[in-house]
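Let's take a friendly walk through a protein model, one part at a time. Keep the picture open while you read.

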Amino acid sequence: MVLTFWEAVERCATAPRMEEREFNMKIWKTVTALAKEYGFEYDNEVVVPTDGQLADEVFEAGLKAAVELGVYSRDTQRNVRFTEDEIQEFLRAATGKQSGYGEGVDAVEIIHRTPGSTAEPVVYGAPQTAVYSTPEVAYKIYTLCAQEPSTDGIWGGLVIGPPPPIEGKYEINANHPSEIYQYRKEVELMRKAITAVGRPGMFIRQNAPTAQATIALADPEFGVRPTDPMGGNLFEELKIDWNFANRTAFAIAYHTRVRWSAGHAFIGGFSGGPATAPIVIVAGALLGLFFSGADDEHIKEYGISTRVGKTHNRIKSRAARSCIYVGSLACQALVRNTRLPVCAQGCDHPVAGAGTAQFYYECAAGEIASVASGSSANPSGGARQFVCPTDHVSPLESKWMGEILKASAGMSQERARGIVEVLLSRYEDKLEDGYPEGYTFQQIYDVEKESVKPEFERFYTHMKDELEDLGVRFKERYA
Amino acid sequence: MNEESILKKLTDSILSFDEEVAKAVAQEALDAGVDPLKALEKGLKVGIDIVGDKFSRDELFLPHLLMAADALNAAVNVLKKNIPREAAEKMQVGTIVIATVKDDIHDVGKNIVSALLSASGFEVHDLGKDVNVALIVDKAVAVDADIIMASALMTTTMRRQKGIIEELEFKGIRDQFLVMVGGGPTTQEWAVKIGADGYGKNAAEAITVAKKLMEKK
């Protein structure tokens, strides 16, 4: 029997006290010692690792780290530990797939992929973390993203104006009535958009800053349904707090289908560098299972997955060389040694803006590496630098990432490595300075006609040709 | 041991990331008659600069910054005890209260800024993440801070930075503190709009701006 969410939460209240700084330093010391024990070294010539033994050793080290480190409970300031047996129990229960994303003919399931697998990954379309000027703009972007054949579900942003969205004069603040109201309105827009394009059962994903606003999204008619991913898990480097655990508690009560764990590392943070960060991601993916809200019955019926992420402490792109390496290795470690489908962040956040060659290069590099490493589902869209200016996103970029993700299925790690190296050579020197700011939705699209302007359409085709020349085989059905 | 060797040893003590080593070498420098200010500038700070440089090239990481800052502070405390108060004050660049604002739990960027500030000789009071305005202002008053730094990583929390300035104005103490802001959604324009004194696009820039503000103070 797998350990339940409630037992994990109880341990947060009873585990030994520890200062957060002590725990953070413990992360670094533990993974540094493990890297030394296994002889892990970062070779920056190898952007997509192909050494299966290395991936297996990273998994082994991640499992040891999970047992040695446990999780830090921020609200109770305690170090919560779990045994290897408890972790293995979850891994034995994993079924190799996860169903329950969306409803009816629009429903999809994700399956456990391995490097080079020909199964296509599920695509979360639309730019997450985007901010929109008006509900009309947001709605158009959601509809245009949702109608893309490569898109399996859409991820929400937030209308913030100007003018301020509530009655044209009130702004949105976290932990405030405006947050609950506006995020809820956003989900209504998303649901309206997927219905308008004839895909009413498509899954939608939205995250508010606070648990209360996220929970308030629940509404089978206008809001988030039990068939939409909704919940929380570990935050950043092996931390849990009630803001996230509260979401999981509600997800259990709301009978949501999609439950997951999450492992995340900050490259250059307490996770250390590229040689140690994959260990932290694996440890988080394993420890996060306890906070997923999934029990045996749930796993048997719907499965369980894990989400892995990496952020560089300075470079605001997930397609930096070290980011790609860390994400690829952690993903391989998990898919080779568990039956958990892995949802990875390829490059959902580039540094360059929409409508530019660098945006396309960065996103393609991150997504290709991720899919070739065994990722089963990826967010597409891509607000530059995590939080970009209002309307600085467009559905064309979501389409790009969707097409790339689907085209990368079946690609070997070796081939992916070759393509990613070429792409990196085209943007790597512009990740910290000299990157293009890009264009707004209104600059890329004829908003009235809801169509891409000819110059950007031509540019898109040109970028596809470039990638095809590098060996990416786009699929006609997603064009 | 000549002065040059001792200064080199001070530099190396920072690179040992060990407080005890740094303290011992600082005492050794004093015993050998090395001017404390020179020990700081030509010894310890050279080590800190190396750490900062390696951090910016991804050769060292946040834990190294924290440990180097701890080593620096331990050594400076030894040096300070042995010199007149006026000279000791020269060793300190300024006092900073730093926090991620209420309802925002993203703190890695803030942690890096905090560590770099410590490593640059600032006395840093890091209040963590999800910190309310009153607590930030109260702490600034309590420690007689020079600068209040507030980080926000979400569009829905960045207005809390403005709240700090409003709180200072409400209490009639705005002119006692410099206020700097930073974080993902913030910009120089935002800083100007809310009446902040400085903005850091990234951690390195935040330190540069803080130093400049202190020079003008």
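Domain bounds here come from an automatic or database domain assignment. For chain B, that assignment gives domain 1 (3-90) and domain 2 (92-216). Before going on, note that this is a predicted model, in which local features need pLDDT of at least 70, side-chain atom pairs count only at pLDDT 80 or more, and totals for chains, interfaces and linings use all residues. Residues are numbered from 1 along each chain as its sequence is written, while chains are lettered from A and ligands numbered from 1 in the order in which they are written.

**How the two domains of chain B meet**

Taken over C-alpha atoms, the centres of domain 1 of chain B and domain 2 of chain B are separated by 26 Å. Two residues are in contact if their C-beta atoms, placed from the backbone, lie within 7 Å. The contact between these domains takes 12 residues from domain 1 of chain B and eight residues from domain 2 of chain B. Helices (H or I, at least four residues) and strands (E, at least two) are DSSP runs, numbered from the N terminus. On the side of domain 1 of chain B that touches domain 2 of chain B, α4(B) gives the most, with seven residues.

**The sheet of chain B**

In what order do the five strands of the open sheet in chain B lie? The order is β2-β1-β3-β4-β5 (chain B), and the pairing is parallel. Two strands pair if DSSP finds at least two bridges between them. At the edges are β2 (123-126) and β5 (198-200) of chain B, each pairing on one side only.

Strand β4 (residues 178-182) of chain B pairs with two partners, as the table shows.

| Pair | Bridges | Residues that stand opposite |
|---|---|---|
| β3(B) and β4(B) | five bridges | Met149(B) and Met180(B) |
| β4(B) and β5(B) | three bridges | Gly182(B) and Gly200(B) |

A residue is buried if 20 or more other C-beta atoms lie within 10 Å of its own, exposed if 12 or fewer, and partly exposed in between, with C-beta atoms placed from the backbone. By this count, five of the five residues of β4(B) are buried. In a regular strand the side chains alternate between the two faces of the sheet. Leu178(B), Met180(B) and Gly182(B) are on one side of β4(B), and Val179(B) and Val181(B) are on the other.

**A nonpolar core**

A nonpolar core is a set of buried Ala, Val, Leu, Ile, Met, Phe, Trp, Tyr and Cys residues joined through C-beta atoms within 7 Å. The largest one has 228 residues, and those with the most contacts inside it include Val420(A) and Ala68(B). Helix α4 (residues 62-80) of chain B supplies the largest share of this core, 11 residues. Leaving aside neighbours within four places in sequence, Val420(A) is in contact with residues including Val47(A), Ile324(A) and Ile368(A).

**One residue of chain A**

Leu396(A) lies in helix α13 (residues 395-407) of chain A. Why does Leu396(A) count as buried? It counts as buried because it has 24 C-beta neighbours inside 10 Å. Beyond its neighbours within four places in sequence, Leu396(A) is in contact with Ile444(A), Val452(A), Phe456(A) and Tyr460(A). The C-alpha atoms of Leu396(A) and Lys453(A) are separated by 11 Å, although these residues are 57 residues apart along the chain.
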